[in-house]
Amino acid sequence: MSNGKYICIHGHFYQPPRENAWLEVIEIQDSAHPYHDWNERISAECYAPNTASRILDKVGGVIKNITNNYARISFNVGPTLLSWMENYDKETYQAILDADKESLERFGGHGSAMAQVFNHMILPLANRRDRETQVIWGIRDFEMRFNRKPEGMWLAETAVDTESLEILAEQGIVFTVLAPRQAKATRHIGDKEWHGVNDQTVDTRKAYRCDLPSGKSIALFFYDGDISQGVAFNGLLFDGKRFAERLMEGIDKDDPSPQLVHIATDGETYGHHHKSGDMALAFCLDYIEKHSEVNLTNYGQFLAMFPPQHEAQIIENSSWSCVHGVERWKSNCGCNGGKAGYTQTWRAPLRESLDWLRDTLIEIFETEGGKLFHDPWNARNEYIRVTLRRNPEVIDRFIQEHARPEVDVNKALRLMEMQRHAMLMYTSCGWFFDELSGIETVQVIQYACRAIQLSKQLTERVLEGEFLKRMEQAPSNVALYGNGAGVYKKLVIPSKTNLSRVGMHYAVSSIFEEEPENLPLFNYMATNEFFVKKEAGEQKLVIGITKVRSLVTRSEKRFAFAVIYLGKHDLIGNLSLNIELDKFSGMQFRMIDAFEDGRLGDVITIMQTYFGPEKYSIWSLFKEEKRKILDMIARQGLEDIEASLRRTYDRDYPLVNALSNNDIPIPNAYRTTFEYILNADLQKCFKLDRINIKTLERIAAEMKRWNLKIEDPKTVERIAGESIYQELRRIHVERDNVKRIQRLNRLFPIMERFELEPIVYKSQNLYFEMSLDNKERKAGELTPEWLDQFSVLGDNLGVKVGV
């Protein structure tokens, strides 16, 4: 690496926090179908493929290698996204951590991972305290995951001002990456005269030192905007070779000084926004590595080898995604998602409302925090250790180190959670898009609602009314909501949760659970003191006493409950906080006696006598459990429908066949019946331990004959891809089973007849590993017949490993 010509590709991998503010889990998002939610979908399309991306030959059919792209690029992954991955996509999460370790070896001890401000807050619009905590939390999160200190930090939307750079420097951050239009002026270190620059004239190939008023400094890299734009929007990812050549063309051959051609885009560009973008990136990196005139590097290594010889000034309050600076996150500046007829006049009132709430919560925090903590603001900075590993030992240590003696732990934790949500409500995506009622904006308003709830629990101050009054000034483009107050009432309040709702959720859900003590309650835990369940055919009755505890704030309440299920989605539940034990025992005896006698009306009357008129129903459940139970109930009905339609299918098949053979039009009722049954059978073929090839062949023939359609091709492609992968894993273990691999090969022509493209990237990667393993085996260990079928499988998967 002596020629001084380098290339660096940076990917900003980020998703906004999507978790329910009370449950701390992502509830099902139908728009992400066939996946559970958008994190899961984008991980399948982008984050996971980039950990094992295929490098193909020029023809596009031969896999030359499988590589972890993260190890050869510069990247940051948002802390809230990594937190989700750690729990829901562990394999990808670990591969990203491993990539950073590999990059340390590849790039002279400089890891490719950068930290990020914690929840993507626009720092120039934040107060000093929030900026500091965002940076500190981002660093602590990074250190816990990557087991080292970060050299660089990604600023949300690259939004920057001098104060934010000061805070980065104070916390030991060495560099950050900015857009070329954020450079104001540059000069050679030692020169007196500054030279004004813009996005077209700044030399992005150099590292710059930015001297700060405090006397500290930080290194800045301004990425190549034209090439970055080409990758993100103008088709450079259609051809990995052209991508590499375009980067190499960025080198100034007439400049003998060290140069770094570098780009920065959303990481989702490589697979989610552009299908197979991960493979174009892998080919590009491989192509560059094979050319001796340039070298791949990351920012940390380049800085260590070539300390800045130039310095730069920034344009204050600028960003990479708003040509108006940071106006996108506070005004109707014209930057939006392009929804025709929509305006963003809601942005300013939303920010003003949240600013008022933040400042009011600061008053509460400082007043109450002074009673509870030695230094409330320092405690807030250190609270990240609790959010990262929320267990009793970590919480107890936090309280011991930061709280005053004999502190009310519940109150102390509520205060910290209030501040955590007061920062989450500033996640940048809340202002980025077109409409106030969009899911990203509703999410930040939900965080505000949670902060308001916590403040009331701490002080009895009622902030919601004033907040709603201010939100009325934020107009929605959707008439149904009217304004921000309408959005709050219609889209946020239904998610609002307290211990009573958790208790009722537990009571209602226990009707449908075989082992209610194992029922997942997200951030809560239920402990039964008494529980009895009775069943009489379809009707069910549960009665119990349980204690519900928040695992976040350690708040807890004890409830008595009774729920009667009458069938389908019809149930009635009651709950009490203060029923006396002897009254509960009497009620229990009378209710069970009435239920076992079939006197359901008396059961309901007894419930009302002891619990009062307030009732709960299936609609009181949290979204995820509600969907699960309603699906279960609907499935029972659908099974009845399917059984009826199947009887018609079996009985009248000869008749329909005769109509077809005599060119008589088939009635639509029969066509609908056949389509339903064949689609049901199609999905069942992939849900068994072994793919049912014979049934698939029959279904394919019949669908073609009757000219029927697959109802949900995306779901079929997904479950087919998973079945192929599981079958290939079995083949991996049973190398002597020729019939198994023959059967799998028969599947692919059927998929072509269905015009389906199963998701097979995991299978392709496993096939490649098996191919390498085959080469290591002794001659004769694998039969010629098996090897022939394995070669056919490679053709079917669209890969063939080079010799």
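1. Let's start with Asp-597, which sits in the loop between α20 (581-596) and α21 (600-611). Those labels follow DSSP runs, numbered from the N terminus: helices are H or I runs of at least four residues, and strands are E runs of at least two. The side chain of Asp-597 makes a polar contact with the side chain of Arg-599, at 3.3 Å. A polar contact here is a pair of N or O atoms within 3.5 Å; within protein, one must be able to donate a hydrogen and the other to accept it, and residues adjacent in sequence count only if both atoms are side-chain atoms. Asp-597 and Ala-536 are 61 residues apart along the chain, yet their C-alpha atoms are separated by 9.7 Å.

2. A quick word on what you're looking at. This is a predicted model, where local features need pLDDT of at least 70 and side-chain atom pairs count only at pLDDT 80 or more, while totals for chains, interfaces and linings use all residues. Residues are numbered from 1 along each chain as its sequence is written, and side-chain values use heavy atoms, with hydrogens and water left out.

3. Now for some helix pairs. Two packed helices are described by the angle between their axes and the distance between the axes. Take helix α23 (residues 668-685) and helix α24 (residues 693-706): their axes come within 10 Å and cross at roughly 155 degrees. That makes α23 roughly antiparallel to α24. The axes are lines fitted to C-alpha atoms, for helices over the stretch in contact, and angles run from 0 to 180 degrees between N-to-C directions. Under 35 degrees counts as roughly parallel, over 145 as roughly antiparallel, 65 to 115 as roughly perpendicular and the rest as oblique.

4. Which residues of α23 and α24 meet? From α23 come Arg-671, Phe-674, Leu-678, Asn-679, Asp-681, Leu-682 and Cys-685, and from α24 come Thr-695, Leu-696, Arg-698, Ile-699, Glu-702, Met-703 and Trp-706. Sorted by class, the contact of α23 with α24 has eight nonpolar, two polar and four charged residues. In this sorting, Ala, Val, Leu, Ile, Met, Phe, Trp, Tyr, Cys and Pro are nonpolar, Asp, Glu, Lys and Arg are charged, and the others, Gly among them, are polar. Contact means heavy atoms within 4.5 Å.

5. Have a look at Asn-679, which belongs to helix α23. Is Asn-679 buried or exposed? Its relative accessibility is 7%, so Asn-679 counts as buried. The cut-offs are under 20% relative accessible area for buried, over 50% for exposed, and partly exposed in between (1.4 Å probe, protein chains only). A polar atom of the Asn-679 side chain lies 3.0 Å from the backbone oxygen of Lys-709. Leaving aside residues up to four places away in sequence, Asn-679 touches Met-703, Lys-709, Ile-710 and Glu-711.

6. Next up is helix α16 (residues 439-459), which packs with α10 at an angle of about 30 degrees, the axes being 11 Å apart. That makes α10 roughly parallel to α16. On the α10 side, the contact includes Leu-350, Leu-354 and Leu-357, and on the α16 side it includes Thr-441, Ile-445 and Ala-448. The residues of this contact of α10 with α16 divide into nine nonpolar, three polar and one charged.

7. Helix α14 (residues 409-424) also packs with α16, at an angle of about 155 degrees and with the axes 8 Å apart. That makes α14 roughly antiparallel to α16. By class, the contact of α14 with α16 has nine nonpolar, three polar and four charged residues.

8. Back in helix α10 you'll find Arg-351. Arg-351 is buried, with a relative accessible area of 5%. Leaving out residues up to four places away in sequence, Arg-351 touches Leu-125, Trp-329, Lys-330, Tyr-426 and Trp-431. Arg-351 and Leu-125 are 226 residues apart along the chain, with 9.6 Å separating their C-alpha atoms.

9. Finally, some backbone details to check. A cis peptide bond joins His-33 and Pro-34, with omega about 15 degrees, and Pro-34 lies in the loop between β1 (5-13) and α1 (38-47). His-120 is not a glycine but has a positive phi of about 60 degrees; at 1% relative accessibility, His-120 counts as buried. Asn-317, not a glycine either, has a positive phi of about 55 degrees, and at 36% relative accessibility Asn-317 counts as partly exposed.
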